[in-house]
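Dear colleague,

Please find below the structure I promised to pass on to you. My findings follow it.

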Amino acid sequence: MKKKHSLSTTIIVSQMLTGIILIVSLVIVISILYSNIVYNQCKKTVSQYCYTASDMINGDKIEEYKKSFEKDDYYLEIKNYLTIMENDSDILYYYVFIPNEEDITFLWDIADDNSFLNFGEHESYPDDGKEYCKLVYNRNPEMKVIITKEPEIGYIATACYPIFNSNGDPVALVGVDVEIPKVLEIFLTYILGASITVAIVILLIMILNYYLSNKQIVTPIRKLDKFTANFIKNIDNNIDMSININSETEIGDLATSFNKMGIELKSYIEQLSNIMSEKERIAAELNIATQIQADMLPSIFPPFPDISEFDLIASMHPAKEVGGDFYDFYMVDDDHLCCVIADVSGKGVPAALFMVIAKTLIKNQALLGGTPSEILSNVNKQLCSNNKSDMFVTVWLGILQLSTGILTAANAGHEFPAICRKDGNYELFVDKHDFVLGGMESIKYHEYALQLNKGDRIFVYTDGVPEAKNLQNEMYTTDRMLEVLNSNKDTYNETILQKVSDSIMNFVNGAAQFDDITMLNLIYHGKANNDEHSITVKADVNNLENITDFINKYLDENSCSPKTKNQIDVALDELFSNISYYAYTPDTGDCTITINKDNNHAVISLSDSGTEYNPTTKKNPDTTLSAEERKIGGLGIMIVKKTMDSFIYERSNGRNIVTISKNL
C-alpha cells in the first residue's frame, strides 16, 4: 500500500524546495551582477593607467630606439616615471614592449624583483598573448581587460594599450598588471551576506505562508475529511449531518457543496435501495417466468415411450432469462405426429409473451385437424387480427404419418431443415419459404411432402444456431452445423443436440449469446411389422412387365382389389416409362422399386440416379381442349395424381425418389 503523507508535510516540503530554488537562483543572479561590477571596476582602473602611460611616452622616440636600442636621458626619465607610478599605486607590473611576429621586444620593464627584462630583450608570447596583442595593436584599439589567477599572487587584472607616433600609428604597447588579491574574499563575503539576507526573507515568507495555508486550507480540509468519514460511517443511519466552515474562499464553497452532496447522496441511496428492491423483485419474477416457459416446452424424453415409430429430442437455450424461440410436438391422432419449431421476433419478455400466444394457437389449430398450410393460414389470421406491436414469428411445421413415413410440412420464413437419409449424410433441404406469421393477414401458405424411410432423420433449428458469433464477429454457419451433425449421425439421439451445442460454445469462445438457440432432431423408425420388398432392374421399358409382375404378386398376397391393382399398374407404367426414356438419356442406368404395406396402404417407391426431375410439379393438361389442340404430355402424370392417395418426390444423395401410396 502506498505511504500516505499529510497535507501539512506536503506544504512544508514544497515551500522548502521553493525557497531553496529561489535562494540558488538569486545567488546566481547576484554573482553574475557582482562579477560584472568587479570586471568593470578593474577595467576602469587598468585602462586609466594604460592611457596615462600611452600619453606620457613619445612614440617617435620609440621608433628611434627600435633602430639602435641605446638608452638616453629620455629613456631613464620614462623609466623613473613608470617606477614611481608602480610604487605609488596598486600596479603590480608596468611595462612597455614592441609586439613582433613571433615574439615581443621589451623597452621598459618595471619590476621590484629580479624578474625584469632588459632593454631590447626578446620574450615569447604568453598563452593567447599574440591574439590579444593583435586585437589592441591598431589605430582604433578596443580596451579589453583580462582577469587571471596566478598561483603565488592571486587574481591579476591585465590590460594593454598602444603608444602612437606623430602619424597616429601604433609603435608599441604599454601593459599594466594590477593585483586584486581581495576580490575573491570580497566576492564570497558579498555572496554570503546576500544569501543570508535572502534566506531570512524567504523563511519569513514561508512561515507566514504556512500559517495562512494551515488556517485557510489544511484545517478546513481536515474538517471535511472528518465529516466525510463520519458521513460514510453513519450513511445507513437516518442521521442528518452537516459541516460549517466560515471561509470566503473556495474551501467554504466546497463545504457548502459537501452539505448539498450529503443531502442528495442520501436521497440517491434511498432511491437506489428502492430500485434494487424492485430489481430483485423483477429478477425473482423473471426466474419464475423462465421456469414457467421451460415447463411449457416438452422436456421429457423419450416423449412417447409406447410409440416405436420414431425417436425425438429437442432443446432450447434462451439468450436472456426468457426467450422467443419455442419447439413443440404432439400426437394429432394415433397415426400423425405434429412437430413445430419457431422463432419470435425480438427477445426478452415481449418475445416470450408473443411466443406463448403463437404456441397455443398453433397447437389448438393442429389438434382441430387440417394440413400444415391450413394450420399456418388460420394462425396467421389470428395473430394479425390484433397485432399492434407488429411482432411476427417464423415457423416450420411438419406432420408425420407414422404408418407411411410421409412428412407433410410448411415453412413460414423459417430456416431450411436438414435431412439425413439412412446411410447418408445430413443435407439442407431447400424448401419453399412463405411469409412469416403475424406479418400480413392475406398470405397463402403452401406445403410439401417428403417420404421418410426407416433410419431417416430430420433436424430443424432456429437462426440462433448458424448466426452464433465469436469474439471476431464470425458466424457459426450451417456448414459447421452440418459438419458436427454428420460427425455424430450414428450417435444416440440424446447425444447429437449436445454435440452441436458444445460445438457452438467452443466456437463463440466466451462471446455473449446473441440469440436463442433451439434445436429438434427426429429419427423415423417406421412400423416394426413393415414387410418391405424391392427389385432393381435396368431402366428400360422392356423390363416393365417384370416390374408389374413383381408388384402384382405382392398386391395379390395382400388381397388387393382388381380396380386398385389396375390403378397402381397404370401409375407404375407411367412413372417407370418416364425414368426409362428421360432419366439417363442418352445412356442407361438402374432403377430400384420397393413396396411395403403401412396401415392397409401399399407404399411404392421408384429410385434412380439419373437427371434431377420432379414429376409432381408437372402442370395438368387442359382436358377441355381437343386432342389436336392439347399439347402432348402430362396426361399420365395427371392420372397418377388423381388415382393415388399420395404422390411425393424428393432428391436425396444424388437420387430421384418418387413415392406413391394407395389404400388397398
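**Helix α10 and its surroundings**

In this predicted model, the buried residues of α10 pack against β7 (310-317), β13 (426-428), β15 (457-461), α9 (477-487) and β16 (517-524). The buried residues in question are Asn493, Ile496, Leu497, Val500, Ser501, Ile504, Phe507 and Val508. They lie on the same side of α10, because the arc they cover around the axis is only 130 degrees.

Helix α10 itself comprises 16 residues, 493-508. From the first C-alpha to the last it reaches 24 Å, which is close to the 22 Å expected at 1.5 Å a residue. Asparagine 509 follows α10 and has a positive phi, near 55 degrees.

**The five-stranded sheet**

I would also draw your attention to an open sheet of five strands, paired antiparallel in the order β17-β18-β19-β21-β20. Its edge strands, β17 (533-538) and β20 (646-652), each pair on one side only. From one strand to the next, the twist averages 15 degrees.

Within this sheet, strands β19 (residues 601-608) and β21 (residues 655-663) run antiparallel and are joined by eight bridges. Opposite valine 603 stands serine 661, in β21.

Which helix lies across β17, β18, β19, β20 and β21? That helix is α12 (residues 562-583), and it runs at about 10 degrees to β19. Strand β18 spans residues 590-598.

Yours sincerely,

A colleague

Conventions
Residues numbered from 1 in each chain as written. Predicted model: local features only at pLDDT ≥ 70, side-chain atom pairs only at ≥ 80, totals over all residues. Heavy atoms only, no water. Pairing = 2+ DSSP bridges. Helix = DSSP H or I, 4+ residues; strand = E, 2+ residues; numbered from the N terminus. Axes fitted to C-alpha atoms, helices over the stretch in contact; angles between N-to-C directions. Contact = heavy atoms within 4.5 Å. Expected span 1.5 Å × (residues − 1). Buried < 20%, exposed > 50% of the residue type's maximum accessible area, 1.4 Å probe, protein only. Arc of directions from axis to C-beta.
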